[in-house]
Amino acid sequence: MKHRMTKACDISPQVKAEVWERDGGCCILCGSPNAAPNAHYIPRSHGGLGVAQNVVTLCGKCHTDYDNSGARRALQAEIRAYLMARYPGWDETKLIYRKWEYDQ
C-alpha cells in the first residue's frame, strides 16, 4: 500500500498524456523529441505533486541538468516561465503536498 504523499506525488498515465500533448512531445528546454513527461518542477522530495501544472517534458540530458547541475536556478526560471505562460493564475505554492487541511 502506497503512502498518501507517494500517491499524490506520482505522475499518473493521464497526467503524462496531458503534459505530453501540452508540450508537443518534445523537451521544453532544448526541443529534443527524445523526451518524456516525467520531470517535476517542484521535486517529489519537496512534496511536489504529480499534477500537470508541476510536470514538464524533458529529455534525459536536460532532466539530469535540472536535477543535478549548477544550472538548476536558470533552468528552474525557464520552466517556471513556461508553466506560468500556460496556466493563468499558476501558483507554485499550490503544487506542494500538504498533509493537514489547514496547511492548504
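A disulfide is a pair of cysteine sulfur atoms within 2.5 Å. The structure holds zero disulfides. Cysteine 30 is in none either: the nearest cysteine sulfur, again in cysteine 59, is 3.7 Å away.

The model is predicted: local features need pLDDT of at least 70 and side-chain atom pairs count only at pLDDT 80 or more, while totals for chains, interfaces and linings use all residues. Residues are numbered from 1 along each chain as its sequence is written, and side-chain values use heavy atoms, with hydrogens and water left out.

How open are these cysteines? Relative accessible area sorts residues: buried is under 20%, exposed is over 50%, and partly exposed is in between (1.4 Å probe, protein chains only). Cysteine 62 is buried, at 10%. Cysteine 30 is partly exposed, at 48%.

Now turn to the interior. In soluble globular proteins, nonpolar side chains tend to be buried together. The largest nonpolar core here has 24 residues, and Leu29, Val56, Leu58, Ile79 and Leu83 touch the most other members. The elements are DSSP runs numbered from the N terminus: helices are H or I with at least four residues, strands are E with at least two.

Take leucine 29 as one example. Contact means heavy atoms within 4.5 Å. With neighbours within four places in sequence set aside, leucine 29 is in contact with Leu58, Cys62, Leu75, Glu78 and Ile79.

Next, follow helix α3. Its buried residues are Cys62, His63 and Tyr66. They cover an arc of only 100° around the axis, so they sit on the same side of α3. The arc is that of the directions from the helix axis to the C-beta atoms. These buried residues pack against β1, β2 and α4. On the other side of α3, Lys61 and Asn68 are exposed.

Beyond neighbours within four places in sequence, tyrosine 66 is in contact with His40, Tyr41, Leu58, Arg72, Leu75, Gln76 and Ile79. Glutamine 76 is ten residues from tyrosine 66 in sequence, and their C-alpha atoms are 7.3 Å apart. The side chain of tyrosine 66 also reaches the backbone oxygen of tyrosine 41 at 2.6 Å. This is a polar contact: a pair of N or O atoms within 3.5 Å, where within protein one must be able to donate a hydrogen and the other to accept it, and residues adjacent in sequence count only if both atoms are side-chain atoms.

Asparagine 54 also reaches a backbone oxygen. Its place is in the loop between β1 and β2. At 0% relative accessibility, asparagine 54 counts as buried. Its side chain reaches the backbone oxygen of leucine 49 at 2.8 Å. Neighbours within four places in sequence aside, asparagine 54 is in contact with Ala39, His40, Tyr41, Ile42, Gly48, Leu49 and Leu95.

Which charged groups pair up? A salt bridge is a side-chain nitrogen of Lys or Arg within 4 Å of a carboxyl oxygen of Asp or Glu. A search of the whole structure finds five of them. Aspartate 10 is partly exposed, at 22%. Arginine 44 is partly exposed too, at 37%.

Another salt bridge joins aspartate 23 and arginine 22, with closest N and O atoms 2.7 Å apart. Both of these residues are buried.

Lysine 61 counts as exposed, at 58%, whereas aspartate 65 is partly exposed, at 23%.

Notes. Core = buried A, V, L, I, M, F, W, Y, C linked by side-chain atoms within 4.5 Å.
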